[in-house]
Amino acid sequence: MNPEQMFGSLVFFAIGLGYFSYAKKNSSFVLLACAVFLLCYGYFCENTWQTYLYGGLATVLPWLLHFWRNR
């Protein structure tokens, strides 16, 4: 694991912790699923681009779904 990948995993892990606490407070299943994914996926990515791509998608997905449902 190179330093860029380790940094990305750390950043998205911290975002996952924030999502997890927010999802518990608001009982949001989509946000909880994305939080669990962000907490675990860093161990399974082999490339740096995978780390940032999957982390970015899992970070943006709950907000896109919220925007789309409330339109």
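Guide: Helices are DSSP runs of H or I with at least four residues, strands are DSSP runs of E with at least two, and both are numbered from the N terminus. This is a predicted model, in which local features need pLDDT of at least 70 and side-chain atom pairs count only at pLDDT 80 or more, whereas totals for chains, interfaces and linings use all residues. Residues are numbered from 1 along each chain as its sequence is written, and side-chain values use heavy atoms, with hydrogens and water left out.

Visitor: Which pattern does the protein follow when read along the sequence?

Guide: The protein contains three helices and zero strands. Read along the sequence, these elements therefore give the pattern α-α-α.

Visitor: What share of the contacts with a separation of 6 or more comes from residues 24 or more positions apart?

Guide: A contact requires heavy atoms within 4.5 Å. Of the contacts in the protein with a separation of 6 or more, residues 24 or more positions apart account for 58%.

Visitor: How far apart are the end C-alpha atoms of H1?

Guide: The expected span of a helix is 1.5 Å times one less than its number of residues. H1 has 24 residues and should therefore span 34 Å. The separation of its end C-alpha atoms agrees with this, at 35 Å.

Visitor: Which elements do the buried residues of H1 pack against?

Guide: The buried residues of H1 are Gln 5, Gly 8, Ser 9, Phe 12, Gly 16, Tyr 19 and Ala 23. Their packing partners are H2 and H3.

Visitor: Which residues does Gln 5 touch, not counting residues up to four places away in sequence?

Guide: Gln 5 belongs to helix H1 and counts as buried because its relative accessibility is 4%. With residues up to four places away in sequence left aside, Gln 5 touches Cys 45, Glu 46, Asn 47, Thr 48 and Thr 51.

Visitor: Does Leu 10 count as buried or exposed?

Guide: Leu 10 also has its place in helix H1. Between Leu 10 and Arg 71 there are 61 residues in sequence and 33 Å in space, C-alpha to C-alpha. Because its relative accessibility is 57%, Leu 10 counts as exposed.

Visitor: Which residue with a positive phi follows H1?

Guide: H1 covers residues 3–26. With a phi near 55 degrees, the residue that follows H1 is Ser 27.

Visitor: How far does helix H2 reach from its first C-alpha to its last?

Guide: Helix H2 runs over residues 29–40 and has 12 residues. At 1.5 Å a residue, 16 Å is expected. The reach from the first C-alpha of H2 to its last is close to that value, at 17 Å.

Visitor: Which helices do the buried residues of H2 pack against?

Guide: Leu 31, Cys 34, Ala 35, Leu 38 and Leu 39 are buried in H2. They lie on the same side of H2 because they cover an arc of only 135 degrees around the axis (taken from the directions from the helix axis to the C-beta atoms). The helices against which these buried residues pack are H1 (3–26) and H3 (48–69).

Methods:
Buried means under 20% relative accessible area, exposed over 50%, partly exposed in between (1.4 Å probe, protein chains only).
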